[in-house]
Amino acid sequence: MSPAQYTFGHTAGVLRSHRWRTIANSAQYMAHCLGPTSRVCDVGCGPGSITAEFAEKCAAGRVVGLDAAPAVIEQAAGEFRRHRNLEFVVADMLHLPFDDNTFDVVHCHQTLHHIGDQAAAVAEMRRVCADGGCVCVREADYDTAVWTPRNASLDLLKATLSTLVSANGGDPSAGAKLVDYAADAGFAAADISVSSSSWRFASDAERAWWGGLWAERVQTGPQADQMRASGMQEADISAMVDALRAWAADPAASFATTFGEVVCRVRNA
Ligand SMILES: C[S@@+](CC[C@H](N)C(=O)[O-])C[C@H]1O[C@@H](n2cnc3c(N)ncnc32)[C@H](O)[C@@H]1O
């Protein structure tokens, strides 16, 4: 495990958020890198919903999901055992247990900002990627998160999340720095394609889901424990829960956040 701590843990509320993720809503920017025979490594795969879609798209290839948390890897391996070309391993993304040039695509979604040495992690992804392959990263920039309508408790939630991620050794602005990380990892500017995309939750069902899981996350689990340990008062937590419920019930409300994305072409020659 890396020295940085994963801020949110794998509580039921966190897993509901992660399991919603698909190639369509979270990895469209790199879908062109995937072919039927691609060898793919998904680092920091969590419960593996995106990883399993990689296995379907690369049915004649090989897909490995890797995460530092043994419990989430055990769950993913059980849930997706039907995919014969998919395996899950426990490892630290800063020390990938693979030879050089093992994969055609090395993918990372929403994990780089939780660790301490992002450029070293991208260099490690590059090491295990074969010549001509792609290293693909999509990360949030927490500054871009917008809860509408504006509310003081939701502003406090947003600020608190950045503080916790930083305190745990991560970088909540990582999504804005991906080109720098890729350059520091040795990629030439001409081999880095940059894009951005967003999530937006506004329908009744989306607000009920997103507001509900965040109301859980601020009350129980590692994130809630760290909020209390940092001195946050119960009244502030209750106000956040009330604000999240009011937000979810407001048909005019929405949440949006923007992600940075890079596809880096590996050239060893
Ligand atoms: C926000 S989740 C993203 C999961 C998945 N990529 C997705 O988007 O659904 C971050 C994941 O990174 C994992 N993680 C944190 N630090 C790690 C490290 N050093 N090496 C490997 N995985 C790590 C956590 O255990 C967690 O499952």
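## Terms and model

A residue is called buried when its relative accessible area is under 20%, exposed when that area is over 50%, and partly exposed in between, using a 1.4 Å probe and the protein chains only. This is a predicted model, in which local features need pLDDT of at least 70 and side-chain atom pairs count only at pLDDT 80 or more, while totals for chains, interfaces and linings use all residues. Residues are numbered from 1 along each chain as its sequence is written, and side-chain values use heavy atoms, with hydrogens and water left out.

## R16 in helix α1

R16 belongs to helix α1, residues 12–19. Helices here are DSSP runs of H or I with at least four residues, strands are runs of E with at least two, and both are numbered from the N terminus. R16 counts as partly exposed because its relative accessible area is 35%.

Contact means heavy atoms within 4.5 Å. Beyond its neighbours within four places in sequence, R16 is in contact with W209, G212, L213 and E216. L213 is 197 residues from R16 in sequence, yet their C-alpha atoms are 7.3 Å apart. The side chains of R16 and E216 make a polar contact at 2.9 Å. A polar contact is a pair of N or O atoms within 3.5 Å; within protein, one must be able to donate a hydrogen and the other to accept it, and residues adjacent in sequence count only if both atoms are side-chain atoms.

## S26 in helix α2

S26 is part of helix α2, residues 23–26. S26 is classed as buried because its relative accessibility is 2%. Setting aside neighbours within four places in sequence, S26 has contacts with W20, R21, I50, H109, R138 and W199.

## The ligand

There are 19 residues around the ligand, and H10, R21, G44, D67 and H109 come nearest; a residue counts as near if one of its heavy atoms lies within 4 Å. R21 and H109 are also among the contacts of S26.

A polar backbone atom of G44 is 2.7 Å from a nitrogen atom of the ligand. An N or O atom in the side chain of H109 is 2.7 Å from an oxygen atom of the ligand. For T111, a polar side-chain atom lies 3.2 Å from a ligand oxygen atom. Taken alone, the ligand exposes 600 Å², and the protein buries 98% of that, with areas from the Shrake-Rupley method and a 1.4 Å probe.

## G186 in a loop

G186 lies in the loop between α7 (178–184) and β7 (192–201). With a relative accessible area of 42%, G186 is partly exposed. C58 is 128 residues from G186 along the chain, and their C-alpha atoms are separated by 28 Å.
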